[in-house]
Amino acid sequence: MALACLCFGALFLGFGLFKYGFWMDRGPGAGFFPAVFGAGTVLLAAFELMRPGQIKGRVQLRNHAPIIAILAAILCIPLVGMIPAMALFVLGWLKLVEGAPWLRSLLVAAATALLTTLIFDVWLRVQFPPSLLEKLL
């Protein structure tokens with residue numbers, strides 16, 4: 001699973017750096033967040049692969065919840081857009097990994113989406129990759 005995450009994170013990092021543009025016009029480009037997200041995934045997966053003495057035992061869904069949340073967020077980007085996908089990731093992380101209550105999880109996910117929109121879209125004027133939902137509207 002760690003190897004799959006490493007490969008998928010590298011792919012996401014590559015798209016962020018080379019397809020969308022990491023830094024453009026003296027500021028973060030559309031690929032800034034995907035590159036950072038992909039680099040983090042690659043780094044964490046590499047650490048997991050290098051960890052000695054893996055404990056063998058029964059595989060539990062809860063152990064794979066972070067990977068499931070990351071993959072779901074990445075797969076949602078082309079459909080709903082970067083910011084809603086990130087909010088879904090935060091929501092999934094808080095519910096599946098942290099076990100937070102629904103109200104708290106929804107509020108934190110909404111606040112994350114709002115702050116990301118205000119910082120990147122309004123203040124820095126970073127254009128995120130267009131989503132299928134935006135094209136239909």
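Okay, so leucine 6 sits in helix α1, where a helix is a DSSP run of H or I at least four residues long, numbered from the N terminus. This is a predicted model, so local features need pLDDT of at least 70 and side-chain atom pairs count only at pLDDT 80 or more, while totals for chains, interfaces and linings use all residues. Residues are numbered from 1 along each chain as its sequence is written, and side-chain values use heavy atoms, with hydrogens and water left out.

Back to leucine 6. Is leucine 6 buried, exposed or partly exposed? Its relative accessible area is 23%, so leucine 6 is partly exposed; buried means under 20%, exposed over 50%, and partly exposed is in between, using a 1.4 Å probe and protein chains only. Skipping neighbours within four places in sequence, leucine 6 is in contact with Val42, Ala45, Ala46 and Leu49, and contact here means heavy atoms within 4.5 Å. Twelve residues along the chain is phenylalanine 18, and the two C-alpha atoms are separated by 18 Å.

Now for the helix itself. Helix α1 covers residues 2-19, and at 1.5 Å a residue those 18 residues should span 26 Å. The rule is 1.5 Å times one less than the number of residues. The end C-alpha atoms of α1 are 25 Å apart, so that agrees.

Which residues of α1 are buried? They are Ala2, Cys5, Gly9, Phe12 and Gly16. Down the axis of α1, these buried residues fall within an arc of 90°, so they line one face of the helix; the arc is taken from the directions from the helix axis to the C-beta atoms. Here's the background: an α-helix has 3.6 residues a turn, so residues three or four places apart point the same way. The face turned away from the buried side of α1 carries the exposed residues Leu3, Phe18 and Lys19. And what covers the buried residues of α1? That includes α2 (32-50) and α3 (65-80). Just after α1, glycine 21 takes a positive phi of about 90°.

Next, the core. A nonpolar core is a set of buried Ala, Val, Leu, Ile, Met, Phe, Trp, Tyr and Cys residues joined through side-chain atoms within 4.5 Å. The largest one has 21 residues, and Phe37 and Phe89 have the most contacts inside it. At least two residues of this core come from each of α3, α4 (82-98) and α5 (102-123). The largest share, eight residues, comes from α4.

For the cut-offs, rings of Phe, Tyr and Trp (its six-membered ring) pair if their centres lie within 6.5 Å; planes under 30 degrees apart are stacked, over 60 edge-to-face, and the rest tilted. Leaving aside neighbours within four places in sequence, phenylalanine 37 is in contact with Phe12, Ile70, Ile74 and Phe89. There's also one aromatic cluster formed by Phe12, Phe33, Phe37, Phe89 and Trp93.

Last stop, serine 131. It lies in the loop between α5 and α6 (132-136), and serine 131 is buried, with a relative accessible area of 1%.
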